[in-house]
Amino acid sequence: MAADGVHARFPYPDVVFGQHVVPGRTGCYSHTPGLIMSASDGVEVVVPGVGGHGSRPESTVDPVVTAAHIVTRLQTVVSREVAAKDSAVLTVGQFHAGTKSNIIPAEARLALNLRSQDDRVRERILTAVRRIVEGECMAAGCPVPPDITVVPGYPNTVNDAALDREIAAVHRELFGADAVFDFGPEMGSEDFSLLAPPGVPYDYWYVTSTPHEVWETVPGETDAERFGNVPDNHSPFFAPDLSVLAPGVRTLVSAALSRLTA
């Protein structure tokens with residue numbers, strides 16, 4: 001919508017609101033003033049090799065072995081190059097190479113996902129990724145340099161603090177004080193903030209959705225312990241309670257009405 005010119009074709013909004021369903025005891029609404037979700041980037045890597053017969057590896061440059069070393073080495077980036085006080089995630093989500101067990105392929109492909117909450121940390125991770133990929137390929141004797149493509153994803157989602165506190169108060173009045181809490185920043189990412197033109201405040205919150213009968217059977221004595229054991233978004237077992245639909249509409253409507261009647 002933003003790329004299609006929504007901000008040029010329609011008047012600027014006064015504020016922008018959004019919400020996302022998440023696991024958690026049904027009937028709660030998480031508000032976080034300031035940073036709530038992380039930035040996300042993708043990195044696509046092509047590891048070049050020299051293919052050949054599996055019986056004669058000495059005549060090849062095996063990109064599978066090189067890529068495996070890259071994957072292993074990348075696991076040290078966050079643990080050894082990012083300060084403990086900073087939050088970051090580096091995940092290798094794809095590894096593709098070869099077509100048959102007796103053929104050493106000519107290349108291997110990796111796809112990485114990076115999450116960060118600070119631009120300096122983001123640049124440090126990207127620099128480390130390039131250094132490791134290029135270094136491992138050089139060490140393996142790859143015939144040409146690797147191809148590394150950074151695919152920018154989403155920026156940090158940073159709620160307007162004053163607006164978030166205002167809408168959290170509206171939701172407390174509507175659902176009760178115990179229903180609203182601050183979950184804190186997440187490493188998840190979202191493109192929602194792109195809908196807010198520069199200078200326009202926005203607020204984004206979560207609607208919990210785990211059925212009570214499921215939540216009570218999840219291992220853990222506290223809600224925080226249970227949260228780590230309940231099926232999360234993107235899990236094939238993630239099944240939101242349909243009872244959250246009506247309250248979920250009320251959260252957005254009440255937020256909008258609070259600004260329309262201000």
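## A walk from the sheet to the aromatic rings

Start by selecting helix 4 (residues 161–175), which lies across strand 1, strand 2, strand 11 and strand 12 (202–210) and runs at about 35° to strand 12. Helices (H or I, at least four residues) and strands (E, at least two) are DSSP runs numbered from the N terminus; axes are lines fitted to C-alpha atoms, for helices over the stretch in contact (heavy atoms within 4.5 Å), with angles from 0 to 180 degrees between N-to-C directions.

Before moving on, note that this is a predicted model, in which local features need pLDDT of at least 70 and side-chain atom pairs count only at pLDDT 80 or more, while totals for chains, interfaces and linings use all residues. Residues are numbered from 1 along each chain as its sequence is written, and side-chain values use heavy atoms, leaving out hydrogens and water.

Now show the four strands: they form an open sheet in the order 1-12-2-11, with mixed pairing. Its edge strands are strand 1 (16–25) and strand 11 (180–181), each pairing on one side only. Two strands pair if DSSP finds at least two bridges between them. Zoom in on strand 2 (residues 29–30), which pairs with strand 11 in the parallel sense over two bridges; here Tyr29 has Val180 as its bridge partner. Next, pick helix 7 (residues 245–260), which lies across strand 1, strand 2 and strand 12 at about 150° to strand 1.

**Glu81.** Head over to helix 2 (residues 63–81), where you will find Glu81. Is Glu81 buried or exposed? At 17% relative accessibility, Glu81 is buried (under 20% relative accessible area; exposed is over 50%, partly exposed in between, with a 1.4 Å probe and protein chains only). Show its side chain and that of Arg131: they make a polar contact at 2.5 Å (a pair of N or O atoms within 3.5 Å, one able to donate a hydrogen and the other to accept it; residues adjacent in sequence count only if both atoms are side-chain atoms).

**The rings.** Finally, select Phe181 and Phe183. Rings of Phe, Tyr and Trp (its six-membered ring) pair if their centres lie within 6.5 Å; planes under 30 degrees apart are stacked, over 60 edge-to-face and the rest tilted. The count comes to seven aromatic pairs. Phe181 and Phe183 have ring centres 6.5 Å apart and planes at 70°, so they are edge-to-face. End your tour at Phe192, Tyr202, Tyr204 and Tyr206, which form one aromatic cluster.
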